[in-house]
Structure formats: C-alpha cells, structure tokens
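Please keep the sequence and the structure in view while reading.

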Amino acid sequence: MNKPLVGAVFTALLLGATAIPASAVSNEAPVSDKGTAAAQPAMVTQGKAKVKAKAVTFAGTVALSNCSGSVVRAPSSQPTDKALVLSNGHCLETGFPSAGQVIVNRASSRSFTLLNAGGGSLGTVRASKIAYGTMTDTDVSVYELTSTYRDIESRYGIKALDLDAAHPQTGRAITVASGYWKRMYRCSTDGFAYRLKEGQWTWKDSLRYTQPCQVIGGTSGSPVIDDATGKVVAVNNTINESGQRCTDNNPCEVDENGKVTVRPNIGYAQQTYIIVPCVGAGNKIDLNRPGCTLPKPSLAEKHRSPVGVK
C-alpha cells in the first residue's frame, strides 16, 4: 500500500516536495505541485478521433489526516442526499482491515479538508459513519458525511466528482489527484491485473498505471480521474516500491494460471465502477442490491459494526 501517514513525511523529505518522474511526454505528464498546470485541458485520442479532455483540478478532493480522498456521487445520488467520501480501506482510522474483514455502518466523526480547484483549503466536512470499508477483493472506504451535496455546493461552491458506472479501458489518459500532497500524477491505464497480491491481501481486477504515475505515501485514496470524461474510474492504493515479490508495499500480479509477475515501480488502483450498483435509495450502501458485488461482512462483523459503536 501507499503508506497512509507513517513514513509519508519521511518520504517527502527524502524525495523532495517537487520530485517528479524524469519522463513526461504527451498525456503522460509529470507530477504537478498545484492544480494550475495539471488543470489545462489536453487533446486525448479516443480511437481515431481527438477529444478535448476536461480540465482536471483538485475541486472535490479532500485531505485526510493520513491519506487522500474525494467527495463522490453515484448516478442515482440526489442533491439532498448525505454526501459520500471515497478513500482506501487501509486509510480507515480504525486501522487496516484484516483479509476477509468488511466494515459497514460504523459510527465515525472523522473530518476531511475540502479543497478548491487550485488545491487550497475551503473548510472541513465531517463524517457521521463509515458506510463501507474493506481490503478484501478491493481496497476501499466510503464515508457518509453529515452534509448533503447541496450543503457542500451552497457553502463551498464545490460539486462532487462523478463515479463512472462503466469498467475503465486500457490506454486512457488519467490523473491521480492527491488531496493530501496537493499534487497530481498524469499517466495512462496500462491494463488490469487479474489478481494483485500484497502481503495478506488480494485484490481483483486492479487497474495498472503506466510508469509516470510514481505515487508515494499519502497518495492512498486519491481519485483516479479519466481525463476525457472527468469521472472517477478508480481509487489509488499501491505501488511496487523495491521490486520484492508479493510483500507489503511490493504487490505482485497473479494471472488466471497462477503465474506471478513483479513490476518494480509500477503503481495500481482499485476500480470504482463496482461501487455504483451498491448505492441505493438515499445514497445508502446496500450490499443486497442487484448487481452489487462488493464483499459482504460476516454475521459476526454485522454484530460488531452497528451505527453508534465507535
């Protein structure tokens, strides 16, 4: 995983706050410290046609105490619904969920710093609960806020980022927008790992980045935004840091036949289209909805994680 906070400050001192990948051409651009440079629209090739990409900014992203995140909405979300914040399961204030563990409807008063387009702080929004969190099959956390989408837009002028309901495609220009560091990483989707294994955790159908997205600790939970649509297609969660095989901070790919591939210095994200079918009436996470494939908690976990238990 991209270390949430432990080690993140050290990493920044080691790499330097302005460290960027050496190679940067076309849509695979270097890290930007502020939203201004990264926000400029570019021409993105989709098939044979060139489409003007949407301007990707920090608007709607948030900074956690140890990670990055974003205010997101599903296609069915309404302005009067309580807003949702998306991040990683390994960014939860309760610590890393064990393999097989799923957290639902656990009370939380966690705060998030909401950012404007340029990465400046607008104010604080607060959670009422962890609506969902796991590191099984995927690495995701979804917080329900005390504010509605309308509240946030009225007070801060910020709209939530849209979750794409479709599976992302290979070769798309993407931006990883880190609210924690207020930095953007631009690269492309390189493909998908059938299984991605890191330590005790295994994730399914993980999105693989091309080389320029050299994400670091603190970027965990950043939205991965398709430059052409402006929609969130994944949530950033890890990179193979030192070339090791399937260890913590060194994920490996495992194909359908069990073949293991290690890709040093290549980063990954967990797709978010799988969240969309699980968002029911009132913007509630409903794991029993048709098409929802997110892992469900065991019976024991259901008894441990009611709203009101911290």
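This is a predicted model: local features need pLDDT of at least 70, side-chain atom pairs count only at pLDDT 80 or more; totals for chains, interfaces and linings use all residues.

Two strands are said to pair if DSSP finds at least two bridges between them.

**Strand pairing around E8**

- Strand E7, which covers residues 111-115, pairs with E8 in the antiparallel sense over five bridges, and Leu115 has Ser121 as its bridge partner in E8.
- E7 and E8 form a hairpin with five residues between them, and in its turn Gly119 has a positive phi of about 95 degrees.
- Strand E6 (residues 102-107) likewise pairs with strand E8 (residues 121-134), over five bridges and in the antiparallel sense, with Arg106 standing opposite Ile130 of E8.
- E8 is also joined by six bridges to strand E9 (residues 140-148), the two running antiparallel, and here Thr134 stands opposite Val140 in E9.
- The hairpin of E8 and E9 has five residues between the strands, among them Asp137, which takes a positive phi near 70 degrees.

**Asp164 and its surroundings**

- Asp164 lies in the loop between strand E10 (161-162) and strand E11 (173-178), and its side chain reaches the backbone nitrogen of Ala166 at 2.9 Å.
- Although Asp164 is buried, it has no salt bridge, and the nearest side chain of opposite charge, that of Lys231, is 5.0 Å away, whereas a salt bridge would require the charged atoms to be within 4 Å.
- Leaving aside residues up to four places away in sequence, Asp164 touches Thr229, Lys231, Val232, Val233, Tyr273 and Val276.

Key:
Residues are numbered from 1 along each chain as its sequence is written. Side-chain values use heavy atoms; hydrogens and water are left out. Helices (H or I, at least four residues) and strands (E, at least two) are DSSP runs, numbered from the N terminus. Buried means under 20% relative accessible area, exposed over 50%, partly exposed in between (1.4 Å probe, protein chains only). Lys and Arg count as positive and Asp and Glu as negative; His and the chain ends are not counted. A polar contact is a pair of N or O atoms within 3.5 Å; within protein, one must be able to donate a hydrogen and the other to accept it, and residues adjacent in sequence count only if both atoms are side-chain atoms. Contact means heavy atoms within 4.5 Å.
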